[in-house]
Amino acid sequence: MAHSKEALALVVDIGAGMCDAIPGYDSPLQMASDILQMIVQRKMFQESKDELALILYGADESNNDLADEDNYRNINVVFPLSPANWHLFEEIQKIKPGNNPADLVDAVVVAADHLRRETEGKHGFAAKRVMLFTNAATTFSDHSLKTILDSLRRQDIIVDAIGPTWGQADEDDNQENNYSDSPIELNGHDNDEEQSDAARPTTNGHQNHQTQKKPLTQQQQTGIRVIGEIVNNTEGTLFTFREALTILSVHQSKIVKPTATKYIMQLADLKLHICTYIQVKDNKPGIFRFKKVYARDPTTEIKVDRGRYTKDEQDQEIEKEELTDGFRYGTTFVPINKETLDEMKYQSEKCFSIIAFSDANMMKRSLYLGDTVYEVIAEASFEEEAQAFAGLVQAMYDTNTVAIVRKCFSERSAPELGYLRPHIAHDHICMYYIKLPFAEDLREFEFDNLDAIKKNHPSDEQLKCIDNLITAMDLTHADRGGEEALRPEYVFNPYIQRMFQSIARRAVTPDEPLSLSNTIMEMNDTLLRSLAAKSKRTLDAIHEKFVLRDTDRRQKITTGDALFGNIDGSSKKPRLDENENIEEPTTDSGITNADSASFETQAAAKKKAAIRNVGSPSLNEVCKQMANLILELVNNSHGDALFEKAFQCLQCLRETCMNKLEPKLFNDLEFLIKKQASTIDGRKDFWKKLVDEKFSLITNEECVESNVIPIEAIKFLEEETPAEILNNAGTTNEQDGEDEDLFDLI
């Protein structure tokens, strides 16, 4: 088993000296409690395998394996060595001051003995560490200190100490400490930058920690000397409360060790063994597993109980074995078994094949897919192949070429397309793999050219304002000393920080509302204020140069009444008797072709929009106006100039009548068009166009409300139509009761 976890004993002094604090300042015990909670939170949020123990000295109980009537008294092992959980978190919150004296050296011995007992015979522990929280105000005996130090070194136990002050080390704010082996270290974090403020935010609501500056007592000076000797001999580290709070104020997610995925790269007959590692990946942290963290009792097993029931009155439970997968085909469910599904799955094989080479300039950024970039290197155990791989990378680098790759992770995975870009830096040779889309994945979008409109061109003053804003917001030299500020390797993901911060505060104070504060923002408050002050003048200038105006846009008219106004019902013509002549629209000889075209462009488009959006109550009125427009276009057309526009309007009317279940309105109009074609010279060519387009009546197969069967619709388009069919165009409406036909409307 790999040695990947740590055994950590948290030893806390709860004696009377740790509780002394003047009004307005936090006691050392309160600050130690906050730091302990933050350590436990980190371990839980990181899903760490490290095991922790909590030991209090100065307590009323003497619960430890070394205690007897005279030795190792008032030392209590509250939480034995085990992974961090909410029970340990609650025990830390319950810490109360004690009134009994205890020896800090004895407490270190008890902690070392506890670590030895709990780790003996177990594998996987990479380090054993004791973390001591004290202000060195309690009495102790150091007569056997040398023997104890030898024992700690033999057991490879490291001792760290955290307290309010360590004498001269705390007075010099610019002094550097070596935190290389500290369990609370941030990777690469420059702690000097974080020591500018004494008050740092924590996740526990104590955001203004203050410790009083007062002279050290003789006992504290002696204690600091002994603690320093223990720490130095075990290669540990001394921290002040302020330093610990600064480091622990930032949460870290689970640290995952990179693992390689092995492939065989194939190029024609050449095969090379390669490994791929994740180089860059979009961090999408999921909530950690609540099965381990949420349960108050770690031994409690959380089970998921699923039940399947029929969706009817009986509501019977169905066993999983009685179910089968199915697909919906229309209103029918088609069952399909697991064997058939397996046969339908795409069969592939693991591969990493180079299928072509291309110029690197062809790989546009807009073609990149996925959220991961992989680093491809040669497998170390194949030296000859590694030389061939290096030669391929060098050749691609010299010719500015990339390789197009077909990649399949496993037999059950879908193949994907990507490209390899060569990378050479110092003595490191590799390729970067980036996923590409297939042809069917591409979507072409056309956007208006903003440069084509003159008013969209920025002025020189506007461009200058933007340049000034970029300069003011530049982080390259924004930090103290002219260095880069908010460097990515030092600033952690704000999403993770906010998520963990909220969970921790909810656990500590479940009844209080969540704070809107942001740890990273608070820790960099001075820097952010400086950037905001420098950018304010530039932002004000941009506000003046780029003026935003509220434009009044006309509301889109969507109803026939709004388009054409209300039509008085009294103006409607009375219903015609069966034998009365149908009044046909007259042709105004004074209307010219230009007038007709102008009329069509303005009115036809409006009527088309109206007929699509109109509600059922005004459908007849809109159809009447649409029919009049179609007949006017046909009658006023010079030759066939307006036939296409009339035909488009007729198509729109037919579609709307079908959707609104009013096929009779359209059928009556087509009867009228055919009758006019037989009586008015020059309009037969429009009817011929309808016959050629097979544009017939709406049948009952297209709309259930229609009384026309398909055979009648076919015969209707024949050149010779029986006269009785045309004459009965108006009489068929008598079967429909109260419905009005289009003839009456026109």
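**Figure 1. Crossing of helices α18 and α20 in the predicted model.** Helix α18 (residues 643–659) and helix α20 (residues 684–692) approach with their axes within 11 Å and cross at roughly 50°. Helices are DSSP runs (H or I, at least four residues), as strands are (E, at least two), numbered from the N terminus. Axes are lines fitted to C-alpha atoms, for helices over the stretch in contact, with angles from 0 to 180 degrees between N-to-C directions. The angle makes α18 oblique to α20; under 35 degrees counts as roughly parallel, over 145 as roughly antiparallel, 65 to 115 as roughly perpendicular and the rest as oblique. The crossing of α18 past α20 is right-handed, meaning that the near helix is turned clockwise from the far one by less than a right angle, anticlockwise being left-handed.

**Figure 2. Salt bridge between K688 and D692 in helix α20.** The two side chains meet at 3.3 Å, N to O; a salt bridge requires a side-chain nitrogen of Lys or Arg within 4 Å of a carboxyl oxygen of Asp or Glu. K688 and D692 are four residues apart, about one turn of the helix. D692 counts as exposed because its relative accessible area is 53% (buried, under 20%; exposed, over 50%; partly exposed, in between; 1.4 Å probe, protein chains only).

**Figure 3. Salt bridge between K281 and D371.** The closest N and O atoms of this pair are 4.0 Å apart. The pair links distant parts of the chain, with K281 in strand β8 (residues 270–281) and D371 in strand β12 (residues 369–378), 90 residues apart. K281 is partly exposed, at 47% relative accessible area, and D371 is partly exposed at 30%.

**Figure 4. Salt bridge between K43 and D50.** The side chains of K43 and D50 meet at 2.8 Å, N to O, and both residues are buried. The model has 21 salt bridges by the stated rule.

**Figure 5. Nonpolar surface patch of I466, I470 and F546.** Together these residues have about 250 Å² of accessible area, computed by the Shrake-Rupley method with a 1.4 Å probe, only the protein chains shown counting as cover for residues. I466 lies in helix α11 (residues 460–472) and counts as partly exposed because its relative accessibility is 34%. Patch residues have over 30% relative accessible area and no salt bridge; like charges are joined within 9 Å, nonpolar side chains (Val, Leu, Ile, Met, Phe, Trp, Tyr) within 5 Å.

**Notes.** Residues are numbered from 1 along each chain as its sequence is written, and side-chain values use heavy atoms, without hydrogens or water. In this predicted model, local features need pLDDT of at least 70 and side-chain atom pairs count only at pLDDT 80 or more, whereas totals for chains, interfaces and linings use all residues.
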